[in-house]
Amino acid sequence: MDGNGRWAYRQHLPRVAGHRRGAEVVREMVQSCVDLGISHLTLFAFSTENWRRPALEVRLLMNLFRLLLKREVRKLHENGVRLRIIGDRVPLERDIRQMMEEAESLTRDNTCLCLNLAVNYGGRWDITQAARAAVAAIQANGQDPQMLSEQDIAQHLSLAEIPEPDLLIRTGGEERISNFLIWQLAYTEFYFTDTLWPDFDRASLEHALHSFAHRQRRFGRTGDQVQEGDCSASD
C-alpha cells in the first residue's frame, strides 16, 4: 500500500493525512473483497524497515494503528471478517500487542474473509523464524537436521495454513516486493500501478483482477500442457 506520503504532499497536507486516507481505503478494499468473493487479503501495513522513518511519523503510525483496532475490529467481526496480524510483535508496545490478541480472538471463527495485516513484518524475518522453528521441531523428534525439507520450513511460516497468494498488487509506481512474503510469492502474479494507495478504489482493484484473469499460470509447465490440462478439466 504505497504512496500515502506522496499523496499528502500533492494535496499540501501533512504525511499523517495520507496515512489516514490510506486507512479509509483499507476499509473500502476489505468491503470490495467481500463483495467479489475473495477469500484472503493480506496488507503490508508496517515493515521491519519502517522503523527507520522519522520517530514522529512512526509514533503517528502506531497511534493510527491503535485507533483502527479500536474502531474497526467490531465492524470486521459483524461482517464476518477474520483478522490476523503477522510479524514480530516483540518490539511493539504492550497495549498494542494486547489489542491485537483481543482482535484476533474475537474474529477467530469468522469465514467471510481472512484479512491478514503484516505489522513489523519482513519476509526474511519470516523465513528465519520458520527455519528456527522447523529445526527445533526436528530435533525434538530426534531427527537429523540435515533432513530439513522445504515443507518443514513452510509449515512454520506466518501464513502457513492459507493458500499462497495468487496476485500481488503494489501501488505508487514502485516495482519491487520490498521484503514482503518472499517465500510465499514464488509463483504469485505481480501487478504494479502508478496509482497512489489513497487513490486506489474498487475500479482500480477490478482492473488489477482483470489483468490477472487474462494471464496463463504455468507453474513450470509449458503453455501447451496448461491448455491440455484445461481441456481435460472441461471434459
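User: In this predicted model, which residue stands opposite Tyr121 in strand 3?

Analyst: Ser47 does; the two residues stand opposite each other. Strand 1 (residues 40-47) runs parallel to strand 3, with 7 bridges joining them.

User: What makes strand 2 and strand 3 count as paired?

Analyst: Pairing takes at least two bridges. Strand 2 (residues 81-86) and strand 3 have 6, in the parallel sense, so they pair. Leu83, for example, stands opposite Leu115 in strand 3.

User: How covered is strand 3 (residues 113-121)?

Analyst: Mostly covered: 9 of its 9 residues are buried.

User: Why is Tyr121 called buried?

Analyst: Its relative accessible area is 0%. The cut-off for buried is under 20%, so Tyr121 is buried.

User: And why does Trp125 count as partly exposed?

Analyst: Trp125 has 26% relative accessibility. That falls between the 20% and 50% limits, so partly exposed is the label.

User: How many aromatic pairs does a search of the whole structure find?

Analyst: There are 7. One of them is Phe46 with Trp51, an edge-to-face pair.

User: Why is the Phe46 and Trp51 pair called edge-to-face?

Analyst: The ring centres are 5.0 Å apart, within the 6.5 Å limit, so the rings pair. The planes sit at 80 degrees, and over 60 means edge-to-face. Phe46 is buried at 3% relative accessibility, whereas Trp51 is partly exposed at 34%.

Note on methods
Residues are numbered from 1 along each chain as its sequence is written. This is a predicted model: local features need pLDDT of at least 70, side-chain atom pairs count only at pLDDT 80 or more; totals for chains, interfaces and linings use all residues. Side-chain values use heavy atoms; hydrogens and water are left out. Rings of Phe, Tyr and Trp (its six-membered ring) pair if their centres lie within 6.5 Å; planes under 30 degrees apart count as stacked, over 60 as edge-to-face and the rest as tilted. Buried means under 20% relative accessible area, exposed over 50%, partly exposed in between (1.4 Å probe, protein chains only). Helices (H or I, at least four residues) and strands (E, at least two) are DSSP runs, numbered from the N terminus.
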